2 protein chains.
Amino acid sequence: MTRAGLTAERLTVAAAELADEIGYENVTVSAVARRFGVKDASLYSHIRNAQDLRVRVALLALSELADRVAAALAGRAGKDALVAFANAYRAYAKEHPGRYAAMQIDLDPETAAASAGPRHAEMTRAILRGYQLSEPDQTDAVRMMHSTFHGYVSLERSGGFRHTPREVDASWARSLDALDSILRNWPPQ
Amino acid sequence: MTRAGLTAERLTVAAAELADEIGYENVTVSAVARRFGVKDASLYSHIRNAQDLRVRVALLALSELADRVAAALAGRAGKDALVAFANAYRAYAKEHPGRYAAMQIDLDPETAAASAGPRHAEMTRAILRGYQLSEPDQTDAVRMMHSTFHGYVSLERSGGFRHTPREVDASWARSLDALDSILRNWPPQ
DNA sequence: GGAACTAGCCTAACACCATTAGGCAAACCA
DNA sequence: TGGTTTGCCTAATGGTGTTAGGCTAGTTCC
């Protein structure tokens with residue numbers, strides 16, 4: 001009887017793949033075990049419990065997304081950077097809906113601090129260097145950008161835009177134009 | 001043995017309350033049954049299954065939120081209306097996190113059409129009457145507004161803004177200023 | 001090469017949840 | 001009051017999460 005070679009990492013990747021394939025909410029310890037042809041209980045030497053597995057998937061996704069965003073940003077500034085960031089973000093969410101969903105669980109503060117979350121924040125701030133905003137406007141702008149991206153992607157995914165015929169891609173592009181315009185003319189206090 | 005007096009409506013309300021109290025993902029058929037002091041199986045004369053119960057909670061929440069937004073909008077126009085809408089939306093999400101989470105499930109098209117979702121869309125469009133936008137800009141603007149609200153609320157709830165000290169309320173107000181400003185000066189194609 | 005050890009996967013067992021089938025009694029209705 | 005409906009129950013099945021303890025494949029050390 002040869003061994004399956006389970007590790008926390010392999011389980012995490014398998015869970016992430018499963019999430020993209022069958023939906024995040026259907027990812028279960030049993031389903032992951034099945035994928036490796038082992039019994040459920042065997043996973044518990046590698047992960048603490050189901051929640052632990054979910055957290056690992058979230059961290060994986062956060063890190064993958066940060067890498068892609070970083071790559072997209074390289075060598076760009078201003079609106080170019082804004083659009084590259086936004087498109088990388090949205091593309092990741094579309095390619096990996098399950099991982100994107102996993103990212104939404106709330107991590108406890110120390111896990112969050114050790115995650116790629118701070119890298120996201122840092123990169124978002126980097127974009128704003130092209131827009132001459134100082135604190136606290138910068139923080140407000142970061143929050144608005146992040147909200148818009150996340151809100152758009154998440155409404156798009158859940159079919160919130162289906163009822164209106166207008167192309168979602170076109171609307172997205174205009175929203176980015178609007179964001180750019182507002183960052184260039186951030187309303188004075 | 002007196003009867004518990006179950007109905008689909010009472011079960012839905014109880015499930016919604018539970019969602020706000022213990023979190024949407026912990027709402028289970030068993031937990032609802034427990035709350036009424038009846039056996040799990042007894043619920044199945046009133047609801048088809050767990051998914052049916054979830055859909056009912058989502059519809060309840062959509063309808064409650066639409067009512068509150070409608071009340072907030074009454075007699076307002078322009079930026080006043082925008083801010084009233086946004087604040088009603090955010091307040092509902094904070095008061096009823098479980099119901100807000102329930103609203104995010106995707107309804108099948110005909111259920112969605114019969115839900116309060118279209119009322120939301122209509123009210124959002126009504127706000128834009130104060131801003132002289134014609135199609136397709138109007139659709140794009142509706143999508144951007146909705147994304148911003150949803151994105152903000154959902155990031156705030158999941159602790160996405162915790163790392164930066166700036167007050168979330170203040171940032172929110174500035175984001176609404178920014179939205180207003182952009183609606184007044186929607187960038188030309 | 002064999003003995004001792006480690007670690008990886010297994011079986012067994014339990015609790016909770018979702019769901020279906022069929023029974024019995026309370027509530028209503030004639 | 002007797003019959004019918006309907007509401008909740010018991011019983012049973014299957015999936016999932018989790019713990020405890022066992023067996024053996026692979027490694028280490030003489």
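**View 1. Helix 2 of chain B at DNA strand C.** Helix 2 of chain B, residues 29-36, gives the most to the surface near DNA strand C, with three residues; helices here are DSSP runs of H or I with at least four residues, numbered from the N terminus. A residue is near the strand if one of its heavy atoms lies within 4 Å of it. The model is predicted, so that local features need pLDDT of at least 70 and side-chain atom pairs count only at pLDDT 80 or more, whereas totals for chains, interfaces and linings use all residues. Residues are numbered from 1 along each chain as its sequence is written, chains are lettered from A and ligands numbered from 1 in the order in which they are written, and side-chain values use heavy atoms, with hydrogens and water left out.

**View 2. Surroundings of DNA strand C.** DNA strand C is surrounded by 21 residues, of which the closest are A:Gly5, A:Ser42, B:Thr28, B:Arg34 and B:Ala50. Of the atoms of DNA strand C that come within 4 Å of the protein, sugar and phosphate account for 63%.

**View 3. Side chains at the phosphates of DNA strand C.** For B:Tyr44, a polar side-chain atom lies 3.0 Å from a phosphate oxygen. From chain A, the side chain of A:His46 places an N or O atom 3.2 Å from a phosphate oxygen.

**View 4. Interface of chain A and chain B.** Contact, meaning heavy atoms within 4.5 Å, involves 37 residues of chain A and 37 residues of chain B. The two chains bury about 3,300 Å² between them, 55% of it on carbon and sulfur atoms; buried area is the accessible area (1.4 Å probe) that two parts lose on being put together, summed over both. A:Arg143, A:Met144 and A:Arg174 supply 22% of the area that chain A buries against chain B, more than any other three residues.

**View 5. Salt bridge between A:Arg174 and B:Asp137.** The closest N and O atoms of this salt bridge are 3.2 Å apart; the rule requires a side-chain nitrogen of Lys or Arg within 4 Å of a carboxyl oxygen of Asp or Glu. Two salt bridges are found across the interface of chain A and chain B. On the side of chain A that touches chain B, helix 8 (137-157) and helix 9 (168-184) are the elements that give two or more residues. Helix 8 of chain A gives the most, with 13 residues.

Methods: A polar contact is a pair of N or O atoms within 3.5 Å; within protein, one must be able to donate a hydrogen and the other to accept it, and residues adjacent in sequence count only if both atoms are side-chain atoms.
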